[in-house]
Amino acid sequence: MQNIDNYDFSSKKVLIRVDFNVPLNEAFEVTDNTRIKAAIPTIKKVLAGSGSVILMSHLGRPKNGPEAKFSLQHIVAEIETLLGNSIDFASDCIGKEAQEKAANLESGKVLLLENLRFYREETKGDSEFASKLAKLGDVYINDAFGTAHRAHASTAIIASSFPNDKMFGYLINKEIKSVSQVMENSVAPVTAIVGGAKVSSKIVIIENLLDKVDNLIIGGGMTYTFAKALGGNIGSSLVEDDYLELALDIIEKAKSKNVNLMIPADTIAADSFSNEANTQSCNTNEIPEGWMGLDVGEKASTENVASVLSSKTILWNGPMGVFEMETFQNGTKSIALAVAEATQNGAFSVIGGGDSVAAINQFNLADKVSHVSTGGGAMLEYLEGKSLPGIEAILN
Ligand code: AMP
């Protein structure tokens, strides 16, 4: 495996798999350029080393061949603004135009290929399609963490065409380093916070984390499956009855592994799923009939905050309550603030997975934590302990 920092890019055509799957509005303008911005350092590194760059990405989920609304042409202007340079575009990611434009690409120039997913071969991981892409360049860089859990042609299969000229970009490097600092090389005490709606979608993560953490804070909707499993009354809170046994199993495993499993003792309960609902604070195992738990209570919040503040390594995945509604955002907000404060005091913190990322952004704290992951699904699979094809393809 090569390293982007000391590789000689001069006169090389460098194929970079980026994740430019950005949201567009009705006028096809980019409404959030975070993902494009995040790839700029890798692109600039190659250009500064006198190489040329061929960008590959997908956009949206085209079903059957090209669809104008999913054309990467829409994002050319945004890339140009962020790079401060004009770029070229090939209206097909393989074929004559792409080959000619790639062959004639001068050092210091950038070519963007049309949406890879206009070919079904991309998601199928077709090796012939991968070699057609590979022929366009001399070097392969994967900088798309968001698709690293997929064995697609451009994210994994293509790497075998570059046995001595493949590497990670800066973005993916930071993701891997940050998560492994939590999962493999952590400094104790380690606290993981796992929230969100359902226990079923987090069960593998929770089990995997039990081997790595000192404290495991549970929050969000999954709280009530644990509470019911323990014999509590949970009113009409979210519950997964198929998971009661597994919840008890986790409680037992935590005990045997000496993990401090923190199930919120109290709850903010509401009489409807609404920001305007009537609310009351109650014990999590004594929620009245007709009421549902939508946030952790004050006592639990105080305990959670204390645990976070005393930690040296923190991983946060999933909100503590229905943070999208102001009435039920306190538990999530106090965790977010505590993670920021702990980080300021020297802890290493990683926020990963869809909604906790949205929460940390909502509270404007993203720049106060060590790392906010860009890859929702990829991050979840990494936390589950799975190996990611896009990462394996570069490492092996
Ligand atoms: P997830 O995608 O599994 O991380 O779930 C995130 C969603 O869980 C958010 O949209 C929250 O509003 C929701 N959520 C958090 N706490 C609860 C709760 N107590 N009851 C219902 N939904 C919740």
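Keep in mind that the model is predicted.

Let's start with the ligand. Where does it sit? The space it takes is the second largest pocket.

Take Glu 324. An N or O atom in the side chain of Glu 324 is 2.5 Å from an oxygen atom of the ligand. Ala 197 uses its backbone instead. There, a backbone N or O atom lies 3.0 Å from a ligand oxygen atom. Gly 221 also takes part through its backbone. One of the polar backbone atoms of Gly 221 is 3.3 Å from a nitrogen atom of the ligand.

How much of the ligand is covered? On its own, the ligand has 510 Å² of accessible area, and the protein covers 80% of that.

Let's look at two cysteines, Cys 93 and Cys 282. Are they buried or exposed? Buried means under 20% relative accessible area. Cys 93 has 1% relative accessibility, so Cys 93 counts as buried. Cys 282 has 10%, so Cys 282 is buried as well.

That's the tour. Thank you.

Key
Residues are numbered from 1 along each chain as its sequence is written. This is a predicted model: local features need pLDDT of at least 70, side-chain atom pairs count only at pLDDT 80 or more; totals for chains, interfaces and linings use all residues. Side-chain values use heavy atoms; hydrogens and water are left out. A polar contact is a pair of N or O atoms within 3.5 Å; within protein, one must be able to donate a hydrogen and the other to accept it, and residues adjacent in sequence count only if both atoms are side-chain atoms. Accessible areas come from the Shrake-Rupley method with a 1.4 Å probe; for residues, only the protein chains shown count as cover. On a 1 Å grid over the protein atoms alone, a cavity is a set of points where a 1.4 Å probe fits but cannot get out, and a pocket is an open set with protein on both sides within 12 Å along at least five of seven lines; lining residues have an atom within 4 Å of a point. A molecule sits in a cavity or pocket if more than half of its atoms lie within 2 Å of its grid points. Buried means under 20% relative accessible area, exposed over 50%, partly exposed in between (1.4 Å probe, protein chains only).
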